[in-house]
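Student: I am new to this structure. Can we go through its aromatic rings together?

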Amino acid sequence: MNPIRQIAFGYSTKCNIRCGHCVASDDSIPHGKMTLERAMAIIEQMARCNVTGISFTAGEPLIFFEDMTRLVKLCHEKEIYSRVVTNSFWAKTSEHADATVSALTRSGLSQLRLSFSRWHQEHIRRENVVNAANSCQKHGLDYFISFVTDFSRQDDSLEQFLRDNQLKFFPEPVIYLGRAKGFDPPRILTDYHSNTCNMNPYLSPELDMFACCDGGDQFKETGFFHLGNLMDYGIDELFKRKENNILFHLIRTMGLTNIASYLGLKANEIVQYRKCELCEKCFNSTENLNILEKAATSDLLNWKR
Ligand code: SF4
Ligand code: SF4
């Protein structure tokens, strides 16, 4: 059976705003963009390698609107599910929103994901997101709102705003990487859940492919997620590296909680970590990674009930 192959496609890391929590458009990463021709060639290659879903993300994809409609159209022709992740800057009025959404729908876009948070909304009026969502409903384009939150009371009014406008939204935790690394995360105690992670891969504008679209190039001590560069390897080879890596497999199936426990973290410490923080603790330390790599095919595989 073919593995499911989906990818976050970083056409560009450029963005028109600067959110304080941003992972993708971090200041330490030079803002790059691939050429349209290169992106089209890569999508053709991905179609041949059974990629079934592409999410255009990283910076703000719709600042390159014409390019994006061409790329989405190509995905549609190749029967690849396409999603665009956007901050809704283009939806200042319902007329503006309709113009953009109808063009994306005509290009064959499968889904629009609208980002919403107190950091985004310092730059973008919250009404833009309502205009964008309403246009999606009007044009029959699937959408949802990704409500990024640190679960503090500060975000209550934002959540209420989404409810008052009857919008489809899903809360998502802030990831304390990138610009958010400097935040002082509110202390939480989680349940002792498994912390498995789907691990969607990410392709950067510089053609580096990473096994995770959030941690991606953020684990700088070990470079744990880096799979290779498309100038050196084909798409199929890079996907296979992700699919055949035992530690990635264990993150997906066994979960980070058991991996951290295997490493010796105390249970009462583990419940204080968010998922990506636990992942960083395990895999962005050369010492821990060495232990896990050695154990990957023996002890760790059998570390189950
Ligand atoms: S809109 Fe997205 S890519 Fe742009 S700064 Fe905000 S979080 Fe980063
Ligand atoms: S838990 Fe790890 S693999 Fe999953 S999103 Fe976070 S950093 Fe990436």
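Student: Which residues do ring pairs link into a cluster?
Tutor: This is a predicted model. Two rings pair if their centres lie within 6.5 Å. Such ring pairs join five phenylalanines into a cluster: Phe219, Phe224, Phe225, Phe248 and Phe283.

Student: Is the aromatic pair of Phe219 and Phe225 stacked, edge-to-face or tilted?
Tutor: The centres of Phe219 and Phe225 are 4.8 Å apart. Their planes make an angle of 45 degrees. Stacked needs under 30 degrees and edge-to-face over 60, so this pair is tilted.

Student: Is Phe225 buried or exposed?
Tutor: Buried means under 20% relative accessible area. Phe225 has 1%.

Student: What kind of pair do the rings of Tyr176 and Phe183 make?
Tutor: Their centres are 6.3 Å apart. Their planes stand at 70 degrees, which is over 60. So the pair is edge-to-face.

Student: How accessible is Phe183: buried, partly exposed or exposed?
Tutor: Tyr176 counts as buried, at 10% relative accessibility. Phe183 has a relative accessible area of 27%. That falls between the cut-offs of 20% and 50%, so Phe183 is partly exposed.

Student: Which ring does the charged end of Arg126 sit over?
Tutor: The charged end of Lys33 sits over Phe64, 5.3 Å from the ring centre. For Arg126 the distance to the ring centre is 5.1 Å. The ring under Arg126 belongs to Phe161.

Note on methods. Residues numbered from 1 in each chain as written. Chains lettered and ligands numbered in written order. Predicted model: local features only at pLDDT ≥ 70, side-chain atom pairs only at ≥ 80, totals over all residues. Heavy atoms only, no water. Phe/Tyr/Trp six-rings, centres within 6.5 Å; stacked < 30°, edge-to-face > 60°. Buried < 20%, exposed > 50% of the residue type's maximum accessible area, 1.4 Å probe, protein only. Lys NZ or Arg CZ within 6 Å of the ring centre and 35° of its normal.
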